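Here are my notes on this model, for you to read beside the coordinates. They start with charged pairs and go on to the core, the surface and the rings.

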Amino acid sequence: MSFASRRIFPGFNLSLGYTIVYLSLIVLIPLAAVAFKAGTLGWESFWQVVTAPDVVASYKLSFGAALLAGAINAFFGLILAWVLVRYSFFGKRFIDAMVDLPFALPTAVTGIALTALYSPNGWLGQYLEPLGIKVAFTPLGILVALVFIGLPIVVSTVKPVIEELETELEEAAASLGANRWQTFRHVILPILFPAILTGFALAFARAVGEYGSVIFIAGNIPMVSEITPLLIITKLEQYDYAGATAIATSMLVISLLLLLTINGLQAWTAKRTGRGG
């Protein structure tokens, strides 16, 4: 029996057709509708909406906090994934389950919980406030919320790669005289880096569009802690659909450019390490 006759899925042309139709219905057509609606404003009005001072400030906060949260999660997510894979200890299963908890929690519950924890009279906030550390209703609170929701994404992305990492590579490096840092830098990190970048990109993408967990702890102070998704919701509530889609379109373009940059870096890294597809 030939390989072609044993294929589970139909031929390439038919499979590709199904893929394009499904992708168009679920992703491309809705996004095109957003861009089309924004285009009804005209270029001058569109530019005025997307470059308004409060909108620009929200871009800086949303994308800046998302990038920083992604970087924090990439670092600590790698450490947490390494500990969960390479070490056995009491309560490991419990910690592993707790890492995935943000996936199961409704975003509104996350926002309320973080606000109750970090508000000036909260469990932690009441001790942080006298030290001059204000978390709730500030950009720092937004960062905390984005780190909370993004950590399990990085861990779940990096963890399978660590599980497949052969310990013989580390032993070989040690036998050749490499210390722990040299082994990590030259042997382990090049293998894990594409997965770390993938986790970073996914955590960033999740954080950029996050609304429910952020809206409660942000305080929504214009020009200070007002995120872009909130401005979109506000314009929708005001029945300014064209303005809302204009901001959404600009956010989509910026997100797409950043993700393409990250994916390009990931592909370049994988090619350099000889792990490209």
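1. Salt bridges. The structure holds four salt bridges, each a side-chain nitrogen of Lys or Arg within 4 Å of a carboxyl oxygen of Asp or Glu. The model is predicted: local features need pLDDT of at least 70, side-chain atom pairs count only at pLDDT 80 or more, and totals for chains, interfaces and linings use all residues. Residues are numbered from 1 along each chain as its sequence is written, and side-chain values use heavy atoms, with hydrogens and water left out.

2. Glutamate 170 sits in helix α9 (residues 167-175) and arginine 86 in helix α3, 84 residues apart. Helices here are DSSP runs (H or I, at least four residues), numbered from the N terminus. Arginine 86 has 23% relative accessibility, so it counts as partly exposed. The cut-offs are under 20% relative accessible area for buried, over 50% for exposed and in between for partly exposed (1.4 Å probe, protein chains only).

3. Two further bridges. Arginine 206 meets glutamate 210 at 3.1 Å, N to O. Is glutamate 210 buried or exposed? Glutamate 210 is buried, at 6% relative accessibility, while arginine 206 is partly exposed at 26%. Another salt bridge pairs aspartate 240 with lysine 235 at 3.7 Å, N to O. Aspartate 240 is partly exposed, at 29%.

4. The largest core. A nonpolar core is a set of buried Ala, Val, Leu, Ile, Met, Phe, Trp, Tyr and Cys residues joined through side-chain atoms within 4.5 Å. The largest one has 35 residues, and Ile142, Leu146, Val214 and Ile247 have the most contacts inside it. Several helices supply at least two residues each, among them α2 (43-50), α3 (53-86), α8 (139-164) and α13 (241-272). Helix α3 gives the most, with seven residues. A second, separate core has 20 residues, including Leu78, Ala81, Ile162 and Leu165.

5. Isoleucine 142. What does isoleucine 142 touch? Leaving aside residues up to four places away in sequence, its partners are Leu61, Ala65, Val214, Ile217, Ala218, Ser225 and Ile227. Contact means heavy atoms within 4.5 Å.

6. A nonpolar surface patch. About 910 Å² of nonpolar surface is made by a group that includes Val21, Tyr22, Ile26, Leu31 and Leu252. Patch residues have over 30% relative accessible area and no salt bridge; nonpolar side chains (Val, Leu, Ile, Met, Phe, Trp, Tyr) are joined within 5 Å, like charges within 9 Å. Helix α1 (residues 12-39) contributes nine residues, the largest share. Isoleucine 26 belongs to helix α1 and is exposed, at 51%.

7. Aromatic pairs. There are six. Rings of Phe, Tyr and Trp (its six-membered ring) pair if their centres lie within 6.5 Å; planes under 30 degrees apart count as stacked, over 60 as edge-to-face and the rest as tilted. Tryptophan 43 and phenylalanine 46 are stacked, 5.9 Å centre to centre with 25° between the planes. Both lie in helix α2, three residues apart, about one turn of the helix. Tryptophan 43 is exposed at 64%, whereas phenylalanine 46 is buried at 14%. Tyrosine 239 and tyrosine 241 have ring centres 6.3 Å apart and planes at 80°, so this pair is edge-to-face. Tyrosine 239 is exposed at 62%; tyrosine 241 is partly exposed at 41%. Trp43, Phe46 and Trp47 form one aromatic cluster.

Note on methods
Areas by Shrake-Rupley, 256 points an atom, 1.4 Å probe, with all protein chains shown as cover.
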